[in-house]
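Colleague: I'm new to this one. Could you walk me through how to read a few of its features?

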Amino acid sequence: MPNQRAKPTLRRRRLGALLRDCRNKAGQTLEEASTRMGWDDHTKLSKIENARAHLPQKDVAPLLSGYGATDEALITAIAGLARDAGKAGWWAPYGDTLANAYTDYIGIESDALGCRFYAPTIIPGLLQVAPYAREVIAATTTRTPEEIEARVNVRMARQSVLSRPNPLKFYAVINEAVLRHEFPNNPEAMREQLRHLVYLSDRPHITIQVMPTPVASHPGLLGLFNLVEFPPPWPPLVQLESIRGGSFMEDRSDVKEFEHAFERIVAAALPTDTSREVMKTILEENYS
């Protein structure tokens with residue numbers, strides 16, 4: 001498969017936006033900040049803020065000092081993002097088999113503290129077993145068997161965030177209909193998937209609720225979304241997914257709406273203990 005360097009463009013966009021915010025709060029123009037840094041090319045800072053150029057880590061402290069930034073946590077966070085923004089991740093060897101939006105998401109997922117995922121039509125990728133992932137990827141893409149297998153491998157590798165020393169906190173609300181889906185040509189895939197969900201539901205950093213059928217109306221009727229949270233000072237964002245790929249919403253007012261929507265979804269779903277029993281019952285009824 002092609003060995004194309006992954007481009008973590010979302011990290012650069014977030015870095016650029018935060019640097020722009022710092023500069024604006026300091027009341028400095030691009031030209032003033034560039035002159036202070038001794039940069040003859042005054043377009044350099046504009047390119048950095050617009051994610052079109054790399055900010056060397058050594059320039060972070062003097063740039064922020066000139067803005068009057070004194071928050072050590074902020075300075076450390078920006079330095080870390082500047083260090084990692086241009087780094088190729090473990091997924092880089094998969095090259096063209098992964099869309100840019102997907103590599104963006106894998107990058108932010110690895111940086112995240114937690115995810116809150118509403119799943120009306122599919123098991124979230126971080127909770128999938130390989131046979132289930134293979135069925136879903138094959139059904140929703142027009143890829144060769146080799147590319148499908150590569151994507152399955154990537155999906156399985158992503159799950160390491162759930163077993164790292166400081167694991168990602170993952171909260172999923174999954175529609176009951178998703179748990180009752182069957183693959184006629186591969187019934188074992190859903191059996192293995194349900195067993196895996198029951199196992200995961202007992203882990204302290206993973207919460208799974210089932211949205212029953214029927215249920216009262218709730219905001220999740222509008223579709224899948226994923227709220228991703230980060231360590232300060234990075235704000236949360238929302239990932240949206242469709243057959244054409246993923247997209248992101250970063251405006252704070254938009255994110256707030258999804259946070260409120262998720263609270264209402266959680267309230268409408270079955271409690272965690274009941275949800276676990278529902279998963280066990282479906283497994284016993286359909287695959288005993």
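**Helix packing**

Modeller: Let's start with two helices: H7 (residues 130–140) and H8 (residues 145–158) pack at an angle of about 135°, and their axes are 9 Å apart. Axes here are lines fitted to C-alpha atoms, for helices over the stretch in contact, with angles from 0 to 180 degrees between N-to-C directions. Helices (H or I, at least four residues) and strands (E, at least two) are DSSP runs, numbered from the N terminus. This is a predicted model, where local features need pLDDT of at least 70 and side-chain atom pairs count only at pLDDT 80 or more, while totals for chains, interfaces and linings use all residues. Residues are numbered from 1 along each chain as its sequence is written, and side-chain values use heavy atoms, with hydrogens and water left out.

Colleague: How are H7 and H8 oriented to each other?

Modeller: Angles under 35 degrees count as roughly parallel, over 145 as roughly antiparallel, 65 to 115 as roughly perpendicular and the rest as oblique. H7 and H8 are therefore oblique.

Colleague: And which residues of H7 and H8 meet?

Modeller: Contact means heavy atoms within 4.5 Å. On the H7 side, Ala133, Val136 and Ile137 are among them, and H8 brings residues including Ile148, Val152 and Met156.

Colleague: What about Gln159, buried or exposed?

Modeller: Buried means under 20% relative accessible area, exposed over 50% and partly exposed in between (1.4 Å probe, protein chains only). Gln159 has 16%, so it is buried. Gln159 sits in the loop between H8 and strand S2 (169–175). Leaving aside neighbours within four places in sequence, Gln159 touches Gly125, Leu126, Leu127 and Gln128.

Colleague: How do I read aromatic pairs?

Modeller: A pair of rings is described by the distance of the centres and the angle of the planes. Rings of Phe, Tyr and Trp (its six-membered ring) pair if their centres lie within 6.5 Å; planes under 30 degrees apart count as stacked, over 60 as edge-to-face and the rest as tilted. This structure holds six such pairs. In one of them, Phe225 and Phe258 are edge-to-face, at 5.0 Å centre to centre and 65° between the planes. Phe225 lies in strand S4 and Phe258 in helix H11 (residues 252–268), so the pair ties together parts 33 residues apart in sequence.

Colleague: Which aromatic cluster does Phe225 form part of?

Modeller: Tyr118, Tyr171, Phe225, Phe258 and Phe262 make up one cluster. Phe225 is buried at 3% relative accessibility, and Phe262 is buried too, at 2%.

Colleague: Where is the cis peptide bond?

Modeller: Look from Thr213 to Pro214, where omega is near 0°. Pro214 is in the loop between strands S3 (206–211) and S4 (225–229).
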